[in-house]
Amino acid sequence: MAEQFTRPFGSLGSAEQQAAFGTSDGELSDGSGLISPEPVHKPTRSRQRSLGLRVVGPLAVLGVWWLLTATGVIKPFTLASPPTVWRTFWDLLLHQNLLSDIGVSLVRATVGLAIGAGTGLILGVTVGLFALGEELLDSTLQMFRTIPFPALLFLFIAWFGIGETPKVLLIALATMFPMYLNASNGVRNVDRKVVEAARSFGLKGRSLIRQVVIPLSMPSILNGLRFSVGVSIIALVFAESIASNSGIGYLLNNASAVQNIPVIVVCIILYAILGILADLFVRTLERRLMPWRRQVAVR
Amino acid sequence: MTDTPGFGPPAVVLRDVTKSFGEREVLSGVNLTVAEGEFVALLGASGSGKTTLLRLLLGLEEVTNGEVLVPVARTPVFQEPRLVASKKVWRNVVIGLPKERATREAAVDSLAVVGLDHHADAWPGTLSGGEAQRVALARALVRQPKLLLLDEPFAALDALTRLKMQALVAELVATYRPGVLLVTHDVEEALLLADRVFVLKEGRISLDVAVGLRRPRVVGGPAFDDLRNRLLAELGVVEPNRWQPLVEIEEPTANGAAAPN
Ligand SMILES: Nc1ncnc2c1ncn2[C@@H]1O[C@H](COP(=O)(O)OP(=O)(O)O)[C@@H](O)[C@H]1O
Ligand SMILES: [Mg+2]
(Lines give C-alpha, C1' and ligand atoms only; values in the text may rest on other atoms or scores of the structure.)
(Ligands and ions follow the chains in the order given, each with its own letter.)
Protein backbone atom coordinates (compact mmCIF):
# COMPACT_ATOMS: atom_id res chain seq x y z
CA MET A 1 0.00 0.00 0.00
CA ALA A 2 1.28 3.46 -0.77
CA GLU A 3 2.93 4.80 2.33
CA GLN A 4 1.61 8.33 2.34
CA PHE A 5 -1.92 7.09 2.92
CA THR A 6 -1.19 5.01 5.94
CA ARG A 7 1.24 7.05 8.04
CA PRO A 8 -0.38 10.35 8.91
CA PHE A 9 2.27 11.46 11.38
CA GLY A 10 5.48 10.56 9.65
CA SER A 11 7.94 8.85 11.93
CA LEU A 12 6.23 7.79 15.11
CA GLY A 13 7.68 8.85 18.40
CA SER A 14 9.71 11.69 16.95
CA ALA A 15 10.66 14.61 19.12
CA GLU A 16 8.38 16.91 17.15
CA GLN A 17 5.49 14.63 17.78
CA GLN A 18 6.08 14.47 21.48
CA ALA A 19 6.27 18.21 21.49
CA ALA A 20 3.02 18.40 19.59
CA PHE A 21 0.99 15.78 21.38
CA GLY A 22 2.48 15.27 24.79
CA THR A 23 2.61 17.84 27.52
CA SER A 24 5.33 17.47 30.06
CA ASP A 25 4.99 18.33 33.72
CA GLY A 26 4.44 21.97 34.38
CA GLU A 27 3.14 22.81 30.93
CA LEU A 28 -0.47 23.87 31.08
CA SER A 29 -2.91 23.82 28.23
CA ASP A 30 -5.25 26.81 27.96
CA GLY A 31 -8.06 24.73 26.49
CA SER A 32 -7.23 25.42 22.86
CA GLY A 33 -4.91 22.42 22.92
CA LEU A 34 -1.91 24.72 22.58
CA ILE A 35 0.70 25.29 25.23
CA SER A 36 3.66 27.51 25.63
CA PRO A 37 6.64 25.24 26.10
CA GLU A 38 8.42 25.40 29.41
CA PRO A 39 12.02 26.47 28.84
CA VAL A 40 14.45 23.74 29.85
CA HIS A 41 17.09 26.19 30.97
CA LYS A 42 15.79 28.11 33.93
CA PRO A 43 17.01 31.69 34.05
CA THR A 44 20.38 31.78 35.74
CA ARG A 45 20.87 33.38 39.16
CA SER A 46 23.04 36.40 39.67
CA ARG A 47 26.56 35.82 40.97
CA GLN A 48 25.76 37.35 44.37
CA ARG A 49 22.69 35.19 44.91
CA SER A 50 24.53 32.11 43.80
CA LEU A 51 27.35 32.90 46.22
CA GLY A 52 24.78 33.58 48.95
CA LEU A 53 23.25 30.14 48.43
CA ARG A 54 26.65 28.52 48.59
CA VAL A 55 27.44 29.87 52.06
CA VAL A 56 24.09 28.79 53.52
CA GLY A 57 25.36 25.28 54.23
CA PRO A 58 28.58 26.19 56.05
CA LEU A 59 26.75 28.89 58.05
CA ALA A 60 24.13 26.34 59.12
CA VAL A 61 26.86 23.99 60.33
CA LEU A 62 28.43 26.84 62.30
CA GLY A 63 25.05 27.76 63.79
CA VAL A 64 24.28 24.23 64.96
CA TRP A 65 27.79 23.85 66.39
CA TRP A 66 27.44 27.13 68.28
CA LEU A 67 24.00 26.24 69.60
CA LEU A 68 25.01 22.77 70.78
CA THR A 69 28.16 23.97 72.56
CA ALA A 70 26.53 27.09 74.05
CA THR A 71 23.63 25.09 75.54
CA GLY A 72 25.97 22.48 76.95
CA VAL A 73 24.61 19.58 74.90
CA ILE A 74 28.18 19.08 73.74
CA LYS A 75 30.74 19.42 76.54
CA PRO A 76 33.83 21.65 76.03
CA PHE A 77 36.20 18.69 76.39
CA THR A 78 34.37 16.96 73.52
CA LEU A 79 34.22 19.91 71.12
CA ALA A 80 35.28 23.48 71.81
CA SER A 81 32.74 26.23 71.13
CA PRO A 82 33.17 28.65 68.19
CA PRO A 83 34.24 31.57 70.44
CA THR A 84 36.88 29.44 72.14
CA VAL A 85 38.19 28.26 68.79
CA TRP A 86 38.29 31.86 67.57
CA ARG A 87 40.29 32.96 70.64
CA THR A 88 42.64 30.02 70.24
CA PHE A 89 43.15 30.91 66.61
CA TRP A 90 44.16 34.50 67.47
CA ASP A 91 46.39 33.29 70.25
CA LEU A 92 48.17 30.90 67.88
CA LEU A 93 48.47 33.62 65.31
CA LEU A 94 49.91 36.24 67.65
CA HIS A 95 52.03 34.20 70.02
CA GLN A 96 52.90 30.92 68.32
CA ASN A 97 53.76 31.88 64.79
CA LEU A 98 50.78 30.08 63.21
CA LEU A 99 51.32 32.01 59.99
CA SER A 100 54.71 30.46 59.38
CA ASP A 101 53.26 26.99 60.02
CA ILE A 102 50.55 27.66 57.45
CA GLY A 103 53.17 28.94 55.02
CA VAL A 104 55.35 25.87 55.47
CA SER A 105 52.39 23.57 54.89
CA LEU A 106 51.28 25.49 51.82
CA VAL A 107 54.73 25.32 50.26
CA ARG A 108 54.97 21.57 50.89
CA ALA A 109 51.55 20.91 49.39
CA THR A 110 52.14 23.14 46.38
CA VAL A 111 55.59 21.83 45.53
CA GLY A 112 54.52 18.22 46.03
CA LEU A 113 51.41 18.76 43.96
CA ALA A 114 53.28 20.48 41.15
CA ILE A 115 55.82 17.66 40.92
CA GLY A 116 53.27 14.89 41.31
CA ALA A 117 50.52 16.23 39.06
CA GLY A 118 53.09 17.35 36.47
CA THR A 119 54.64 13.88 36.34
CA GLY A 120 51.21 12.28 36.28
CA LEU A 121 50.21 14.51 33.37
CA ILE A 122 53.28 13.65 31.32
CA LEU A 123 52.92 9.94 32.03
CA GLY A 124 49.19 10.03 31.34
CA VAL A 125 49.59 11.77 27.98
CA THR A 126 52.39 9.38 27.00
CA VAL A 127 50.41 6.30 27.91
CA GLY A 128 47.21 7.64 26.37
CA LEU A 129 48.90 8.52 23.12
CA PHE A 130 51.41 5.80 22.41
CA ALA A 131 50.84 2.08 22.46
CA LEU A 132 54.50 1.64 23.39
CA GLY A 133 54.09 3.95 26.37
CA GLU A 134 51.09 2.04 27.55
CA GLU A 135 52.83 -1.31 27.21
CA LEU A 136 55.95 -0.10 29.02
CA LEU A 137 54.44 1.98 31.79
CA ASP A 138 50.87 1.14 32.53
CA SER A 139 51.21 -2.15 34.37
CA THR A 140 54.09 -0.78 36.48
CA LEU A 141 52.12 2.29 37.44
CA GLN A 142 49.03 0.24 38.22
CA MET A 143 51.18 -1.90 40.50
CA PHE A 144 52.52 1.06 42.46
CA ARG A 145 49.14 2.69 42.55
CA THR A 146 47.72 0.04 44.84
CA ILE A 147 50.36 0.59 47.55
CA PRO A 148 48.82 2.70 50.31
CA PHE A 149 51.02 5.77 50.24
CA PRO A 150 51.39 6.16 54.03
CA ALA A 151 53.39 2.94 54.04
CA LEU A 152 55.99 4.59 51.84
CA LEU A 153 56.58 7.47 54.23
CA PHE A 154 58.54 5.26 56.59
CA LEU A 155 60.77 4.14 53.77
CA PHE A 156 61.32 7.74 52.70
CA ILE A 157 62.20 8.77 56.25
CA ALA A 158 64.72 5.94 56.41
CA TRP A 159 66.25 7.18 53.15
CA PHE A 160 66.08 10.94 53.49
CA GLY A 161 65.70 11.67 57.22
CA ILE A 162 62.92 13.91 58.44
CA GLY A 163 63.62 17.00 56.31
CA GLU A 164 61.43 18.36 53.57
CA THR A 165 62.32 15.68 51.01
CA PRO A 166 60.26 12.75 52.36
CA LYS A 167 57.20 14.96 52.82
CA VAL A 168 57.30 16.52 49.38
CA LEU A 169 58.08 13.16 47.85
CA LEU A 170 55.12 11.55 49.57
CA ILE A 171 52.76 14.28 48.40
CA ALA A 172 54.17 14.08 44.88
CA LEU A 173 53.71 10.33 44.76
CA ALA A 174 50.21 10.46 46.18
CA THR A 175 49.08 13.15 43.74
CA MET A 176 50.68 11.56 40.70
CA PHE A 177 48.27 8.66 40.33
CA PRO A 178 44.93 10.47 40.19
CA MET A 179 46.36 12.78 37.55
CA TYR A 180 47.90 9.90 35.65
CA LEU A 181 44.67 7.91 35.53
CA ASN A 182 42.49 10.82 34.48
CA ALA A 183 44.92 12.26 31.96
CA SER A 184 45.58 8.96 30.21
CA ASN A 185 41.89 8.24 30.08
CA GLY A 186 41.14 11.72 28.77
CA VAL A 187 43.76 11.48 26.05
CA ARG A 188 42.48 8.08 25.02
CA ASN A 189 38.98 9.49 24.69
CA VAL A 190 39.89 12.45 22.48
CA ASP A 191 37.89 12.25 19.26
CA ARG A 192 40.14 10.26 16.91
CA LYS A 193 38.44 11.83 13.91
CA VAL A 194 39.47 15.31 14.98
CA VAL A 195 43.03 14.17 15.62
CA GLU A 196 43.14 12.50 12.23
CA ALA A 197 41.82 15.66 10.59
CA ALA A 198 44.40 17.80 12.40
CA ARG A 199 47.10 15.41 11.19
CA SER A 200 45.99 15.68 7.60
CA PHE A 201 46.17 19.47 7.91
CA GLY A 202 49.81 19.21 8.86
CA LEU A 203 49.90 19.13 12.65
CA LYS A 204 52.20 16.54 14.13
CA GLY A 205 54.32 15.67 17.13
CA ARG A 206 54.49 18.22 19.86
CA SER A 207 52.26 20.81 18.23
CA LEU A 208 49.53 18.21 17.69
CA ILE A 209 49.70 17.32 21.37
CA ARG A 210 49.78 20.92 22.53
CA GLN A 211 47.16 22.33 20.18
CA VAL A 212 44.67 19.50 19.95
CA VAL A 213 45.20 16.54 22.27
CA ILE A 214 45.78 18.43 25.53
CA PRO A 215 42.99 21.00 25.09
CA LEU A 216 40.47 18.33 24.15
CA SER A 217 41.42 16.18 27.16
CA MET A 218 41.32 19.20 29.45
CA PRO A 219 38.05 18.16 31.16
CA SER A 220 39.64 14.89 32.32
CA ILE A 221 42.93 16.55 33.19
CA LEU A 222 41.23 19.10 35.41
CA ASN A 223 39.18 16.35 36.99
CA GLY A 224 42.48 14.63 37.75
CA LEU A 225 43.78 17.86 39.23
CA ARG A 226 40.73 18.02 41.53
CA PHE A 227 41.47 14.57 42.87
CA SER A 228 45.17 15.30 43.12
CA VAL A 229 44.55 18.46 45.13
CA GLY A 230 42.32 16.54 47.52
CA VAL A 231 44.89 13.80 47.97
CA SER A 232 47.67 16.34 48.46
CA ILE A 233 46.01 17.67 51.60
CA ILE A 234 45.54 14.18 53.02
CA ALA A 235 49.17 13.34 52.30
CA LEU A 236 50.22 16.64 53.82
CA VAL A 237 48.41 15.95 57.09
CA PHE A 238 49.91 12.53 57.27
CA ALA A 239 53.47 13.51 56.43
CA GLU A 240 53.44 16.43 58.87
CA SER A 241 52.00 14.55 61.79
CA ILE A 242 54.49 11.67 61.56
CA ALA A 243 57.83 13.39 61.20
CA SER A 244 57.92 17.12 61.46
CA ASN A 245 58.77 20.11 63.58
CA SER A 246 56.74 22.66 61.66
CA GLY A 247 53.51 22.94 59.71
CA ILE A 248 49.84 22.58 60.50
CA GLY A 249 50.20 18.82 60.92
CA TYR A 250 52.95 19.31 63.49
CA LEU A 251 50.69 21.65 65.43
CA LEU A 252 47.89 19.12 65.22
CA ASN A 253 50.09 16.29 66.40
CA ASN A 254 51.35 18.28 69.41
CA ALA A 255 47.84 19.33 70.35
CA SER A 256 46.70 15.76 70.10
CA ALA A 257 49.42 14.63 72.53
CA VAL A 258 48.03 16.92 75.24
CA GLN A 259 44.37 16.62 74.16
CA ASN A 260 44.16 20.32 73.36
CA ILE A 261 40.73 20.27 71.69
CA PRO A 262 40.60 23.96 70.61
CA VAL A 263 43.93 23.73 68.76
CA ILE A 264 42.86 20.49 67.11
CA VAL A 265 39.67 22.16 65.90
CA VAL A 266 41.61 25.17 64.60
CA CYS A 267 43.85 22.86 62.59
CA ILE A 268 40.91 20.95 61.15
CA ILE A 269 39.24 24.19 60.10
CA LEU A 270 42.47 25.37 58.51
CA TYR A 271 42.59 22.19 56.44
CA ALA A 272 38.98 22.71 55.43
CA ILE A 273 39.73 26.27 54.30
CA LEU A 274 42.73 24.98 52.38
CA GLY A 275 40.41 22.54 50.65
CA ILE A 276 37.93 25.27 49.71
CA LEU A 277 40.70 27.48 48.34
CA ALA A 278 42.09 24.60 46.30
CA ASP A 279 38.66 23.93 44.84
CA LEU A 280 38.26 27.59 43.99
CA PHE A 281 41.61 27.46 42.26
CA VAL A 282 40.60 24.50 40.11
CA ARG A 283 37.28 26.13 39.25
CA THR A 284 39.06 29.26 38.11
CA LEU A 285 41.42 27.15 36.02
CA GLU A 286 38.43 25.41 34.47
CA ARG A 287 36.93 28.69 33.40
CA ARG A 288 40.25 29.99 32.14
CA LEU A 289 41.46 26.88 30.35
CA MET A 290 38.21 25.80 28.73
CA PRO A 291 36.55 28.97 27.46
CA TRP A 292 34.93 27.05 24.61
CA ARG A 293 32.76 25.09 27.03
CA ARG A 294 30.76 28.09 28.14
CA GLN A 295 28.46 28.43 25.16
CA VAL A 296 27.88 25.30 23.16
CA ALA A 297 25.07 24.56 20.74
CA VAL A 298 23.29 21.23 21.01
CA ARG A 299 23.12 19.66 17.60
CA MET B 1 43.60 5.73 -18.22
CA THR B 2 45.02 8.75 -20.03
CA ASP B 3 44.90 12.48 -19.48
CA THR B 4 41.55 14.03 -20.05
CA PRO B 5 41.66 16.58 -22.86
CA GLY B 6 41.19 20.16 -21.77
CA PHE B 7 42.75 19.68 -18.33
CA GLY B 8 46.20 20.03 -16.85
CA PRO B 9 48.73 17.35 -15.86
CA PRO B 10 47.58 14.56 -13.53
CA ALA B 11 46.87 15.51 -9.93
CA VAL B 12 46.10 11.95 -8.87
CA VAL B 13 47.28 8.67 -10.28
CA LEU B 14 46.23 5.29 -8.98
CA ARG B 15 47.74 2.22 -10.63
CA ASP B 16 46.44 -1.25 -9.84
CA VAL B 17 45.69 -0.24 -6.30
CA THR B 18 44.67 -3.03 -3.98
CA LYS B 19 43.63 -2.60 -0.38
CA SER B 20 42.78 -5.39 2.03
CA PHE B 21 41.67 -5.32 5.62
CA GLY B 22 42.82 -8.69 6.88
CA GLU B 23 41.28 -11.28 4.58
CA ARG B 24 38.82 -8.84 3.04
CA GLU B 25 39.87 -7.16 -0.19
CA VAL B 26 38.03 -3.85 -0.41
CA LEU B 27 39.81 -2.46 -3.48
CA SER B 28 41.12 -4.89 -6.07
CA GLY B 29 43.08 -3.24 -8.84
CA VAL B 30 41.79 0.31 -9.10
CA ASN B 31 43.13 2.46 -11.93
CA LEU B 32 42.22 6.13 -11.91
CA THR B 33 43.60 9.55 -12.82
CA VAL B 34 42.35 12.99 -11.99
CA ALA B 35 43.84 15.93 -13.85
CA GLU B 36 44.57 19.33 -12.35
CA GLY B 37 41.44 21.43 -12.64
CA GLU B 38 39.28 18.38 -13.28
CA PHE B 39 36.26 17.61 -11.12
CA VAL B 40 35.81 13.88 -10.74
CA ALA B 41 33.00 12.22 -8.83
CA LEU B 42 33.39 8.73 -7.48
CA LEU B 43 30.07 6.96 -7.07
CA GLY B 44 29.52 3.76 -5.22
CA ALA B 45 27.11 1.98 -2.94
CA SER B 46 27.66 2.18 0.77
CA GLY B 47 30.55 -0.05 1.77
CA SER B 48 32.01 -0.16 -1.73
CA GLY B 49 35.31 1.33 -0.55
CA LYS B 50 34.95 5.01 -1.48
CA THR B 51 36.15 6.32 1.87
CA THR B 52 38.95 3.76 1.88
CA LEU B 53 40.14 5.07 -1.49
CA LEU B 54 40.15 8.66 -0.25
CA ARG B 55 42.00 7.68 2.91
CA LEU B 56 44.67 6.07 0.75
CA LEU B 57 45.08 9.35 -1.11
CA LEU B 58 45.31 11.24 2.17
CA GLY B 59 47.93 8.86 3.47
CA LEU B 60 45.71 7.80 6.35
CA GLU B 61 45.82 4.19 5.17
CA GLU B 62 48.56 2.21 3.45
CA VAL B 63 48.02 0.48 0.11
CA THR B 64 48.33 -3.27 0.14
CA ASN B 65 49.53 -3.25 -3.46
CA GLY B 66 49.91 -0.85 -6.35
CA GLU B 67 50.93 2.75 -6.71
CA VAL B 68 49.38 6.00 -5.51
CA LEU B 69 50.63 9.42 -6.61
CA VAL B 70 49.24 12.64 -5.15
CA PRO B 71 50.42 16.25 -4.92
CA VAL B 72 51.82 17.53 -1.62
CA ALA B 73 49.18 20.27 -1.52
CA ARG B 74 46.12 18.09 -1.05
CA THR B 75 43.45 18.61 1.49
CA PRO B 76 40.35 16.81 2.66
CA VAL B 77 36.84 17.84 3.54
CA PHE B 78 35.37 15.09 5.64
CA GLN B 79 31.77 14.06 6.00
CA GLU B 80 31.73 15.77 9.40
CA PRO B 81 33.34 19.18 9.99
CA ARG B 82 35.91 17.77 12.46
CA LEU B 83 36.73 21.15 13.98
CA VAL B 84 38.87 21.36 17.09
CA ALA B 85 36.45 22.49 19.78
CA SER B 86 39.13 24.31 21.77
CA LYS B 87 40.18 26.60 18.93
CA LYS B 88 38.22 29.57 17.69
CA VAL B 89 36.88 29.33 14.16
CA TRP B 90 39.68 31.30 12.54
CA ARG B 91 42.36 29.26 14.27
CA ASN B 92 40.65 26.11 13.04
CA VAL B 93 40.90 27.43 9.50
CA VAL B 94 44.67 27.91 9.64
CA ILE B 95 45.38 24.88 11.81
CA GLY B 96 48.66 23.20 11.01
CA LEU B 97 49.89 25.90 8.63
CA PRO B 98 53.41 27.24 9.13
CA LYS B 99 53.48 30.30 11.41
CA GLU B 100 53.96 32.92 8.71
CA ARG B 101 50.90 31.64 6.83
CA ALA B 102 48.71 30.96 9.85
CA THR B 103 47.53 34.54 10.14
CA ARG B 104 44.13 35.76 11.17
CA GLU B 105 44.00 37.72 7.94
CA ALA B 106 44.42 34.61 5.80
CA ALA B 107 41.75 32.83 7.83
CA VAL B 108 39.27 35.69 7.55
CA ASP B 109 39.86 35.96 3.80
CA SER B 110 39.10 32.30 3.39
CA LEU B 111 36.08 32.52 5.68
CA ALA B 112 34.79 35.41 3.60
CA VAL B 113 34.77 33.15 0.55
CA VAL B 114 32.31 30.83 2.30
CA GLY B 115 30.43 33.79 3.79
CA LEU B 116 31.46 33.28 7.40
CA ASP B 117 34.03 36.01 8.07
CA HIS B 118 31.77 37.46 10.77
CA HIS B 119 32.10 34.18 12.71
CA ALA B 120 35.91 34.24 12.81
CA ASP B 121 35.99 34.62 16.59
CA ALA B 122 33.19 32.19 17.42
CA TRP B 123 33.77 28.85 19.13
CA PRO B 124 33.06 25.86 16.86
CA GLY B 125 30.52 24.57 19.38
CA THR B 126 28.26 27.54 18.68
CA LEU B 127 27.97 26.94 14.91
CA SER B 128 25.15 25.20 13.12
CA GLY B 129 25.92 22.05 11.14
CA GLY B 130 25.98 23.86 7.82
CA GLU B 131 28.17 26.67 9.14
CA ALA B 132 30.64 24.20 10.64
CA GLN B 133 30.89 22.42 7.30
CA ARG B 134 31.51 25.74 5.55
CA VAL B 135 34.34 26.39 8.01
CA ALA B 136 35.73 22.99 7.02
CA LEU B 137 35.58 24.15 3.41
CA ALA B 138 37.37 27.39 4.29
CA ARG B 139 40.00 25.33 6.11
CA ALA B 140 40.56 23.37 2.90
CA LEU B 141 40.64 26.46 0.65
CA VAL B 142 43.17 28.39 2.72
CA ARG B 143 45.72 25.71 1.83
CA GLN B 144 45.33 26.46 -1.91
CA PRO B 145 45.21 22.76 -2.69
CA LYS B 146 46.17 21.24 -6.02
CA LEU B 147 43.85 18.41 -5.03
CA LEU B 148 40.64 18.64 -3.04
CA LEU B 149 39.34 15.41 -1.57
CA LEU B 150 35.69 15.53 -0.61
CA ASP B 151 34.16 12.58 1.24
CA GLU B 152 30.40 13.02 1.06
CA PRO B 153 30.84 16.52 2.44
CA PHE B 154 27.18 17.40 2.05
CA ALA B 155 25.63 14.15 3.26
CA ALA B 156 25.03 15.34 6.80
CA LEU B 157 23.45 18.63 5.75
CA ASP B 158 19.81 19.51 5.36
CA ALA B 159 18.50 19.64 1.79
CA LEU B 160 18.49 23.43 1.56
CA THR B 161 22.00 23.87 2.93
CA ARG B 162 23.17 21.05 0.70
CA LEU B 163 21.98 22.87 -2.42
CA LYS B 164 23.74 26.06 -1.33
CA MET B 165 26.94 24.19 -0.50
CA GLN B 166 26.92 22.38 -3.84
CA ALA B 167 26.56 25.69 -5.66
CA LEU B 168 29.34 27.16 -3.51
CA VAL B 169 31.70 24.27 -4.24
CA ALA B 170 30.95 24.43 -7.97
CA GLU B 171 31.74 28.15 -7.94
CA LEU B 172 34.92 27.78 -5.88
CA VAL B 173 36.23 24.98 -8.03
CA ALA B 174 35.54 27.01 -11.16
CA THR B 175 37.49 29.91 -9.64
CA TYR B 176 40.49 28.15 -8.08
CA ARG B 177 40.58 25.10 -10.35
CA PRO B 178 42.08 22.43 -8.12
CA GLY B 179 41.71 18.80 -9.06
CA VAL B 180 38.70 17.49 -7.18
CA LEU B 181 37.77 13.98 -6.19
CA LEU B 182 34.27 13.99 -4.77
CA VAL B 183 33.11 10.80 -3.16
CA THR B 184 29.35 10.46 -3.01
CA HIS B 185 26.49 8.03 -3.28
CA ASP B 186 24.21 10.74 -4.68
CA VAL B 187 23.98 10.37 -8.46
CA GLU B 188 22.36 13.76 -9.01
CA GLU B 189 25.03 15.49 -6.96
CA ALA B 190 27.71 13.83 -9.06
CA LEU B 191 26.02 14.92 -12.29
CA LEU B 192 25.54 18.49 -11.05
CA LEU B 193 29.18 18.97 -10.16
CA ALA B 194 31.52 16.63 -11.98
CA ASP B 195 33.31 16.64 -15.32
CA ARG B 196 33.71 12.89 -15.07
CA VAL B 197 32.01 10.20 -13.04
CA PHE B 198 33.52 6.91 -11.96
CA VAL B 199 31.51 4.09 -10.49
CA LEU B 200 33.26 1.93 -7.90
CA LYS B 201 31.81 -1.55 -7.75
CA GLU B 202 33.14 -4.77 -6.28
CA GLY B 203 36.53 -3.19 -5.70
CA ARG B 204 37.04 -1.90 -9.24
CA ILE B 205 36.15 1.09 -11.38
CA SER B 206 33.30 -0.41 -13.34
CA LEU B 207 32.24 2.68 -15.27
CA ASP B 208 33.93 5.87 -16.40
CA VAL B 209 31.78 8.47 -18.12
CA ALA B 210 32.44 12.05 -19.14
CA VAL B 211 29.67 14.44 -18.19
CA GLY B 212 29.27 16.76 -21.16
CA LEU B 213 26.45 18.82 -19.70
CA ARG B 214 26.69 22.58 -19.96
CA ARG B 215 27.19 24.64 -16.78
CA PRO B 216 25.53 25.92 -14.68
CA ARG B 217 23.64 22.68 -14.45
CA VAL B 218 20.19 21.87 -13.17
CA VAL B 219 18.64 18.56 -12.28
CA GLY B 220 16.57 17.08 -15.11
CA GLY B 221 16.42 17.28 -18.89
CA PRO B 222 16.82 14.41 -21.35
CA ALA B 223 20.63 14.25 -21.34
CA PHE B 224 20.75 14.48 -17.56
CA ASP B 225 18.08 11.80 -17.09
CA ASP B 226 19.78 9.52 -19.56
CA LEU B 227 23.08 9.73 -17.69
CA ARG B 228 21.37 9.36 -14.38
CA ASN B 229 19.57 6.21 -15.44
CA ARG B 230 22.80 4.74 -16.79
CA LEU B 231 24.61 5.39 -13.54
CA LEU B 232 21.75 4.12 -11.43
CA ALA B 233 21.60 0.96 -13.51
CA GLU B 234 25.33 0.50 -13.00
CA LEU B 235 24.79 0.91 -9.27
CA GLY B 236 22.13 -1.77 -9.40
CA VAL B 237 19.12 0.49 -8.91
CA VAL B 238 16.37 -0.16 -11.41
CA GLU B 239 14.16 2.85 -11.82
CA PRO B 240 12.15 2.46 -15.03
CA ASN B 241 10.33 5.77 -14.89
CA ARG B 242 10.41 7.98 -11.89
CA TRP B 243 7.03 9.59 -12.63
CA GLN B 244 5.16 6.36 -12.48
CA PRO B 245 4.06 5.26 -9.02
CA LEU B 246 6.09 2.30 -7.86
CA VAL B 247 2.95 0.56 -6.66
CA GLU B 248 -0.38 0.72 -8.41
CA ILE B 249 -2.94 2.57 -6.35
CA GLU B 250 -5.99 0.41 -5.88
CA GLU B 251 -9.31 1.52 -7.24
CA PRO B 252 -11.69 2.73 -4.55
CA THR B 253 -14.25 0.08 -3.69
CA ALA B 254 -17.94 0.53 -4.27
CA ASN B 255 -18.68 2.04 -0.86
CA GLY B 256 -15.91 4.59 -1.33
CA ALA B 257 -13.59 3.27 1.40
CA ALA B 258 -9.91 3.27 0.66
CA ALA B 259 -7.86 0.16 1.05
CA PRO B 260 -7.30 -0.97 4.66
CA ASN B 261 -4.38 0.52 6.51
N1 LIG C 1 39.89 -0.08 9.23
C2 LIG C 1 39.09 -1.02 8.69
N3 LIG C 1 39.18 -2.30 9.11
C4 LIG C 1 38.41 -3.26 8.55
N5 LIG C 1 37.52 -3.05 7.57
C6 LIG C 1 37.40 -1.79 7.09
C7 LIG C 1 38.17 -0.72 7.63
N8 LIG C 1 37.83 0.41 6.98
C9 LIG C 1 36.89 0.05 6.07
N10 LIG C 1 36.63 -1.27 6.15
C11 LIG C 1 35.68 -2.02 5.30
O12 LIG C 1 35.89 -1.67 3.98
C13 LIG C 1 34.66 -1.58 3.28
C14 LIG C 1 34.55 -0.25 2.57
O15 LIG C 1 34.42 0.79 3.53
P16 LIG C 1 34.32 2.30 3.12
O17 LIG C 1 35.47 2.64 2.26
O18 LIG C 1 34.15 3.08 4.35
O19 LIG C 1 32.97 2.31 2.28
P20 LIG C 1 32.17 3.54 1.67
O21 LIG C 1 32.16 3.31 0.20
O22 LIG C 1 30.80 3.45 2.22
O23 LIG C 1 32.86 4.80 2.06
C24 LIG C 1 33.56 -1.78 4.31
O25 LIG C 1 33.05 -3.08 4.17
C26 LIG C 1 34.27 -1.63 5.62
O27 LIG C 1 33.71 -2.49 6.56
MG1 LIG D 1 32.16 6.49 3.27
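Predicted model: local features only at pLDDT ≥ 70, side-chain atom pairs only at ≥ 80, totals over all residues.
1. Chain B is built from seven helices and nine strands. If you take its contacts between residues at least 6 apart in sequence, 69% of them join residues at least 24 apart. Its accessible surface is about 12,900 Å², and carbon and sulfur atoms account for 52% of that.

2. Of the 299 residues in chain A, 35% are buried. Among its contacts between residues at least 6 apart in sequence, 68% link residues at least 24 apart. The accessible surface of chain A is about 18,500 Å², with 65% of it belonging to carbon and sulfur atoms.

3. Within chain A, have a look at helix α7, which covers residues 164–188. From first C-alpha to last, this 25-residue helix reaches 36 Å, close to the 36 Å expected at 1.5 Å a residue. Why can α7(A) be called largely enclosed by the rest of the structure? Because 18 of its 25 residues are buried.

4. Now for the inside of the model. The largest nonpolar core holds 52 residues, and L111(B), V197(B) and L231(B) have the most contacts inside it. Helix α4 of chain B (residues 129–141) gives the most to this core, namely seven residues. Apart from it lies another core, of 34 residues, and this one includes V194(A) and L203(A) as well as V183(B) and F198(B). As a general background, nonpolar side chains in soluble globular proteins tend to be buried together.

5. V197(B) is worth a click of its own. Not counting residues up to four places away in sequence, V197(B) touches A41(B), L43(B), A190(B), L191(B), L207(B), D208(B), V209(B), V211(B) and L231(B). One of these, L231(B), is also among the residues with the most contacts inside the largest core.

6. With G49(B), a backbone N or O atom is involved, 3.0 Å from an oxygen atom of the ligand. On its own, ligand 1 has 560 Å² of accessible area, and the protein covers 59% of it.

7. Finally, back in chain A, there is S246(A), placed in the loop between α10 (218–242) and α11 (248–257). Is S246(A) buried or exposed? Its relative accessible area is 17%, so S246(A) counts as buried, the cut-off being under 20%. Its side chain makes a polar contact of 3.1 Å with the side chain of R108(A). Leaving aside neighbours within four places in sequence, S246(A) is in contact with D101(A), V104(A), R108(A) and E240(A).

Technical notes: Residues numbered from 1 in each chain as written. Chains lettered and ligands numbered in written order. Heavy atoms only, no water. Helix = DSSP H or I, 4+ residues; strand = E, 2+ residues; numbered from the N terminus. Expected span 1.5 Å × (residues − 1). Buried < 20%, exposed > 50% of the residue type's maximum accessible area, 1.4 Å probe, protein only. Core = buried A, V, L, I, M, F, W, Y, C linked by side-chain atoms within 4.5 Å. Contact = heavy atoms within 4.5 Å. Polar contact = N/O pair within 3.5 Å; in protein donor to acceptor, adjacent residues only side chain to side chain. Areas by Shrake-Rupley, 256 points an atom, 1.4 Å probe, with all protein chains shown as cover.
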